[in-house]
Amino acid sequence: MTEALYSKIFRLLDNQQLSISGITRELKSEGIDEHRLIMTGYLRALRDLKKIDEIEVPPSKTYKLSDNVEKEEDNIYSLIGHHLKDVPASKRIYVAIYVFSYLLERPIFRAELKSMGFHENTIMDAVQHGSPIKEVPEKDIKSFRNSITRITIPSLDPAYELKDENDSYLQYTGLVLLPILKVFVNLEGLVPKTKQLKLTM
């Protein structure tokens, strides 16, 4: 079992609880096909480490993130994936590609979209003919693939970018990036203790 698997389980259980069957099914849709007994042992190990809570729901058990589990604040994929929930579902994957293309100054790989919470089927549907998303030729992404060390990019994983500059996605970037900025920037002494409802001139 890898750290990447833990990250996927962490994301799946963010704000919801799932049974072993539910977790196994979601992971399988993302290309991780582990036997149920192996997953049971792994989930119990995470429970013993107090990373997740096990809830008895006879005749089965469900799992959720422990309330005191350390959030993955250093994982940019989890952070952006979490705040993409504030973007309309129909725009979400386009905004994700828009934000990452500018943030990382390169196309975004399918594995990275999955790390943000997009399912394989969602990605495939989004890149159909006529979509504003284009797949970048392999010759143009080989150097990017080789330079990424924080996550594993499969050798044949495609990468995507938007076909045209489209400022319509810009209006949503604030919903994604500003909450993250507030987490990492010390605003003490800058934010009023009592919030003003209306600015006066």
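Student: How are α2 and α3 oriented to each other, roughly perpendicular or roughly parallel?

Tutor: This is a predicted model, to start with. Helix α2 covers residues 20–29 and helix α3 covers residues 36–48. They pack at an angle of about 110°. Angles from 65 to 115 degrees count as roughly perpendicular, so α2 and α3 are roughly perpendicular to each other.

Student: How far apart are their axes?

Tutor: The axes of α2 and α3 are 10 Å apart.

Student: And the crossing, right-handed or left-handed?

Tutor: Right-handed, as α2 passes α3.

Student: Which residues make the contact?

Tutor: From α2, Ile20, Ser21, Ile23, Thr24 and Leu27. From α3, Arg36, Met39, Thr40 and Leu43.

Student: What's the breakdown by class?

Tutor: The contact of α2 with α3 has 5 nonpolar, 3 polar and 1 charged residues.

Student: OK, sheet now. What is the strand order?

Tutor: β1-β3-β2, in an open sheet of 3 strands. The pairing is antiparallel.

Student: Which strands are at the edges?

Tutor: β1 (18–19) and β2 (52–57). Each of these pairs on one side only.

Student: How many bridges join β1 to β3?

Tutor: There are 2, and the strands run antiparallel. Strand β3 spans residues 60–65. Leu18 has Tyr63 of β3 as its bridge partner.

Student: Which strands does α3 touch?

Tutor: α3 packs on the sheet and touches β2 and β3. The direction of α3 makes about 115° with that of β2.

Conventions. Residues are numbered from 1 along each chain as its sequence is written. This is a predicted model: local features need pLDDT of at least 70, side-chain atom pairs count only at pLDDT 80 or more; totals for chains, interfaces and linings use all residues. Side-chain values use heavy atoms; hydrogens and water are left out. Axes are lines fitted to C-alpha atoms, for helices over the stretch in contact, and angles run from 0 to 180 degrees between N-to-C directions. Helices (H or I, at least four residues) and strands (E, at least two) are DSSP runs, numbered from the N terminus. Angles under 35 degrees count as roughly parallel, over 145 as roughly antiparallel, 65 to 115 as roughly perpendicular and the rest as oblique. A crossing is left-handed if the near helix is turned anticlockwise from the far one by less than a right angle, and right-handed if clockwise. Contact means heavy atoms within 4.5 Å. Ala, Val, Leu, Ile, Met, Phe, Trp, Tyr, Cys and Pro count as nonpolar, Asp, Glu, Lys and Arg as charged, and the others, Gly among them, as polar. Two strands pair if DSSP finds at least two bridges between them.
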